[in-house]
Amino acid sequence: MAFSRLLLLTCIVGYFLIASASNFYQDFEITWGDGRAKTLNNGDLLTLSLDKASGSGFQSKNEYLFGKIDMQLKLVPGNSAGTVTAYYLSSKGATWDEIDFEFLGNLSGDPYILHTNVFSQGKGNREQQFYLWFDPTADFHTYSILWNPQRIVFSVDGTPIREFKNMESKGVPFPKNQAMRIYSSLWNADDWATRGGLVKTDWSQAPFTASYRNFNANACTVSSGTSSCSNSVSSPNAWLSEELDSTNQERLKWVQKNYMIYNYCTDAKRFPQGLPTECNTA
């Protein structure tokens, strides 16, 4: 607990990068795709495309250690079976940390699957999957990650869908020491993405395109090992100690009751030696 308080204090005593009205030229760099990724509308819009030859991707210029991060996405429309649109935070190295949104495409008329995962010190296997309560291809929707020293919360249009709490006191590693970049990619995963790989990508529908806008990061950035949150004195930001209030706890339960389609914490067959520790904590 003392360490957690120290960590929280370290982040509170500092300024925060607030990238509102973000510009993709300013905040991101296209990393692969040979022209298939495009920054448009003076930096207000970014698109990723996938064809049979290649997908595409981008990453943030900044690294973050705790923050509240929003991105609006409009997913591949129509027959998107076999495609995966990934949007995630990740560090580097053999014991990396990662916080994942992955959108698994489907046949026209069948719902996307939103796949989430949390890696800490190189260990994942914490998948939860959801259907969405809207068509994510018809318009832009906001996908958010709250990451503070106490918890990680995944949200869609402000509605929490998943919470992963810091349970280091019970021996469960929690992402807290490694700065992470934001990554996104659109790629072909028809060996597993749709119905376990039974449905293949229909390349006659290519190119497949996903669109991004309205990135916002209220976060601590890290440069050369130093956090921006330890440079100067500022009033604390609410996200550093944010937790789910009673209303959002009810919304979380509503989503998990009505839209969750897979939860590793209920998959006893997968864990014959017993469910992971965090699954046994109410």
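Me: In this predicted model, in which element does Asn214 lie?

Reply: Asn214 is placed in strand β15, which spans residues 208-223.

Me: Why is Asn214 called partly exposed?

Reply: The relative accessibility of Asn214 is 47%. Buried requires under 20% and exposed over 50%. The value for Asn214 falls in between, and therefore the residue counts as partly exposed.

Me: What is the phi of Asn214?

Reply: The phi of Asn214 is about 55°, a positive value although the residue is not a glycine.

Me: What makes Arg195 exposed?

Reply: Its relative accessibility is 59%, and the term exposed applies over 50%.

Me: Is Ser204 buried or exposed, and how do you know?

Reply: Ser204 has a relative accessible area of 60%. Because exposed means over 50%, Ser204 is classed as exposed. Ser204 also belongs to the loop between β14 and β15. The C-alpha atoms of Ser204 and Lys52 are 9.4 Å apart, although 152 residues separate the two along the chain.

Me: Where does the peptide bond between Ala206 and Pro207 lie, and what makes it cis?

Reply: The omega of the bond joining Ala206 and Pro207 is about 0°, and the bond is a cis peptide bond. Pro207 lies in the loop that runs between β14 (181-188) and β15 (208-223).

Me: Why is Ser49 called buried?

Reply: Ser49 shows 14% relative accessibility. Buried means under 20%, so Ser49 qualifies. Ser49 is found in strand β4, residues 45-50.

Me: How do you know which residues Ser49 touches?

Reply: A contact needs heavy atoms within 4.5 Å. Leaving aside residues up to four places away in sequence, Ser49 touches several residues, among them Arg36, Leu186, Phe208 and Thr209. Trp187 is 138 residues from Ser49 in sequence, with a C-alpha to C-alpha distance of 8.4 Å.

Me: How do you know whether Gln26 is buried or exposed?

Reply: Gln26 has 54% relative accessibility. Exposed means over 50%, and Gln26 therefore counts as exposed. Gln26 sits in helix α2, residues 24-27. Its C-alpha lies 9.2 Å from that of Ser60, 34 residues apart in sequence.

Me: What does the UniProt record place at Asn106?

Reply: The UniProt record, an unreviewed entry, places the feature "glycosylation site" at Asn106. Such annotations may be inferred rather than shown by experiment.

Me: Why is Asn106 called buried, and where does it lie?

Reply: The relative accessible area of Asn106 is 13%. Buried is the term for values under 20%, so it applies to Asn106. Asn106 lies in the loop between β8 (98-104) and β9 (113-119). Its contacts, not counting residues up to four places away in sequence, include Asn79, Pro111 and Thr194.

Me: What makes a set of residues a nonpolar core, and which members of the largest one touch the most other members?

Reply: The members must be buried residues of nonpolar kinds, such as Phe and Ile, joined through side-chain atoms within 4.5 Å. The largest core has 62 residues, of which Met71, Phe101, Tyr143, Trp147, Ile152, Tyr212 and Phe215 touch the most other members. Strand β15 supplies the largest share of this core, 8 residues. A second, separate core holds 5 residues, including Val84, Ile113, Ala189 and Ala193.

Me: Why is the largest pocket called a pocket and not a cavity?

Reply: A probe in a cavity cannot get out, whereas a pocket is an open set, so the name pocket marks this space as open. The largest pocket contains about 430 Å³ of space.

Me: Which residues lie nearest the centre of the largest pocket?

Reply: Gln128, Glu163, Gln256, Glu278 and Thr281 lie nearest the centre, out of 16 lining residues. Two or more lining residues come from each of β13 (159-165), α3 (246-258) and β17 (260-263). Strand β13 gives the largest share, 4 residues. The lining divides into 8 nonpolar, 4 polar and 4 charged residues.

Me: How many helices and strands does the chain contain, and what share of its residues is buried?

Reply: The protein chain has 3 helices and 17 strands. Of its 282 residues, 53% are buried, each of them under the 20% cut-off.

Conventions: Residues numbered from 1 in each chain as written. Predicted model: local features only at pLDDT ≥ 70, side-chain atom pairs only at ≥ 80, totals over all residues. Heavy atoms only, no water. Buried < 20%, exposed > 50% of the residue type's maximum accessible area, 1.4 Å probe, protein only. 1 Å grid on protein atoms, 1.4 Å probe; cavity = no way out; pocket = protein on both sides within 12 Å on 5 of 7 lines; lining within 4 Å. Points joined across faces, edges and corners; volume = space filled by probe spheres on them. Nonpolar A, V, L, I, M, F, W, Y, C, P; charged D, E, K, R; others polar.
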